[in-house]
Each structure stands twice: as structure tokens, then as C-alpha cells.
Amino acid sequence: MNRLWHNARLMTLEGRGLGIVEDGAVACEDGAITYAGPSAGAPKTAERIDCQGRWISPGLVDCHTHLVYAGNRAREFELRLAGASYEEIARSGGGIVSTMKATRAATEDELVATSLPRLDALIAEGVTTVEIKSGYGLSLTDERKQLRAARRLADLRAVAVTTTFLGAHALPPEFADRDAYVTHVCDTMLPALAAEGLVDAVDAFCEGIGFSPAQVARVFEVARTLGLPVKLHAEQLSDLGGAALAAGHGALSADHLEYLDEAGVAAMAASGTVAVLLPGAFYFTREEKRPPVEALRAHGVPIALATDCNPGTSPLTSPLLAMNMAATLFRLTVEECIAGFTREAARALGHSDVGTLEPGKACDLAIWDIGQPAELVYRMGFNPLHARIRRGQ
């Protein structure tokens, strides 16, 4: 169906900056944008939708979530309030392994049912594309269950879901040796799940409580042989050189990055690896070391943002609040925050069909009832979404 949204102000995100068009229009045919620009040049079409001066941006892209899981970790939140660190909780049997137990005990149907409200919260704030990681099953059967649940969410809601295999997330209790578990991930889990068409990308947790750079490299090599892109949880709690490792493997993104050093920034710049900053986790775990935003800017590393929706360190389902956190905690600009959830987030997923308003891109739109773009970042607990358009509908 052909449609034209007119009498609008656009944030096209084309090129650099917000790409603002004050008197703009967006035309769509068969789910794809055919025109985005000044109203004077807009094509004639049968169905015209008057936006009454509202702003149109690309649909938001949440490029880092752990959306599918069972249970919660509210008790651990209380422990952290009492002074326990994330690492102490993890080493005592909490953390990721705690969620693993709840996720293993849940059926696929139960995972879908408990994940839908979280997905609906993202959709309600304009998200049209979301990445969902596994990593709470930590066995072939349960990782498959998570990934299948993620795929089903895309059938139940008008949203694009990209799935990421995060088998190298934590050591499950049935394995005493990390190298042996990584062998299982590389030889059994990843090839089987990729063969079933359940994996769009591969991730790992490169950290002292996670996996070493050498172990991550083994996972990445298998991903390469399977033709799958990689990304990495890197430099969240310490500097193990994970970002440079990821860049060396041509990673789509390196995520968290609080402890990223200059060499890692330079490596990411050289490879085109996107920096995905996760202010929700920084806030929730009360971290104090900020990611090196100035160095990322100086080297021209693209900066994306995401909610990092997960039960333990970022139980966040608001991209708008994540934007505000990125501005207040990391000192990102309004332009960087909005680009971080559109153009740069799409880049972090390797998606060239979303993230900007350009002819040929998917007609995924967020229509906002605001007076200026800064309102999306400035206000807290405020959802000005007027309409969300997915593939022109």
C-alpha cells in the first residue's frame, strides 16, 4: 500500500547529525521508503496522513538485550544495596547462573509469555528492531529454547528480532573447567544451533568472571567458519583487551567498554567496530568509571546505545530513559543519544535496511508528539510516542 506522512518535521539521521527537515514528508510503498525529504518534493499518493507538525524519526533499534529469561534477581539487588559487588554475587553462585537455573526450569511457552511484556514495553517507546541474546540456558537444549522463544516473539509482534548466541556467557555448574565448556560451545552448541537457523550473530563475555581472550578467540574462529558475525561484552569490569580482540575479528560491536583503553579505541576505529554503551548497567550496578567517550569521538568510533535489558544488571525496558542516562552519566549529546538508538544501533547489528529515513530503507517510523528532538532525551518517565510504523503499517 502507498502512503504519505506529511506536515511533519523529520529526523532522517542520514549522513551525520540528525538530518533535520523542518517541513518534511515520508512516502512508503510496499513497506519501503520511497521518499523522505521536503514536502515540496513529495510524490502524489492516494493515502495521505497529516502529522500535524509532529516529528518523525526512524523506528528505534535496541541493539543489545537479554530479553528472554525467567525469574528475576530482586534479592541480588538488595544484596548490592547492602554493599555486595556484582563480582562477589556472581562468585557466590548468584548472577548469571541464578538466572540460568530459572530459565532452564521454564518451558519455551513460559519464556515467550514472560518475555512479551518486556518486548511490549520497548515497542511502546518506538522500538521496531531488537536484538535478543541467549546465554541463560548454557546447554544445547536450553540455549535452543531461548533462541526459539526469541524467534517466536517476532511472530507475535510487529517487530524485527535478531538473535545472538551467547553460549560463552558463564560457566554452567555441570562443567568444572572453562576450557572444556568452551570446547563444548565450539564443537557442539554453536554448530548445531547455527545449522538450525537460530543464530544471527555470536557474542561472548570477556571478563575475569567470564571467559579469557584466548577462550573468546576460539568461539570467534568457529563463528567465522560458520559465516556468522561476532560482537563482544568487553571491558565492563576490567581491561582484558577484549575490544581490540573483537576488532581484530572484524566484530560488529564491542559493548560496555567502561575500562576501554586508547589502544582498544584505535583498534575499533580501524576495524569499524561500533561502541555500544549501556548506561542502564552502569547506573544499576553503581559503577564509577565511565567509558572513554572523548577518545571514541576523537578516533571517530561510532557510538550506539541500548537498554541491555536483563534481570541482573539492567532491568530496563525504556530506550528513552537509556538516552537520558547516556546524556547525564556519560555526557553524550542529544544528537549522539538519538543516533545511538537509530543509525548507530542499526550499524551495530549490521543492518543496512533500518536506522535512517532514506529511499530503499524499511518504512519503520516513530512519530513523536514533541516540540524539539531534545525532549526525547531531556524528559524522564515521559513517553511522547504518537504512532509507531512497522514496514509501512
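**Reading pockets and a helix pair**

Biologist: Which classes make up the lining of the second largest pocket?

Modeller: Seven nonpolar, three polar and two charged residues. Ala, Val, Leu, Ile, Met, Phe, Trp, Tyr, Cys and Pro count as nonpolar, Asp, Glu, Lys and Arg as charged, the rest, with Gly, as polar. This is a predicted model, where local features need pLDDT of at least 70 and side-chain atom pairs pLDDT 80 or more, while totals for chains, interfaces and linings use all residues. Numbering starts from 1 along each chain as its sequence is written, and side-chain values use heavy atoms, leaving out hydrogens and water.

Biologist: What lines that pocket?

Modeller: A pocket is an open set of 1 Å grid points over the protein atoms alone, where a 1.4 Å probe fits, with protein on both sides within 12 Å along at least five of seven lines; lining residues have an atom within 4 Å of a point. Here they include Arg 91, His 169, Arg 178 and Phe 205.

Biologist: Which residues of helix 5 meet helix 6?

Modeller: Leu 140, Glu 143, Arg 144 and Leu 147 meet Thr 188, Met 189, Ala 192 and Leu 193 of helix 6, contact being heavy atoms within 4.5 Å. Five of these residues are nonpolar, one is polar and two are charged.

Methods:
Helices (H or I, at least four residues) and strands (E, at least two) are DSSP runs, numbered from the N terminus.
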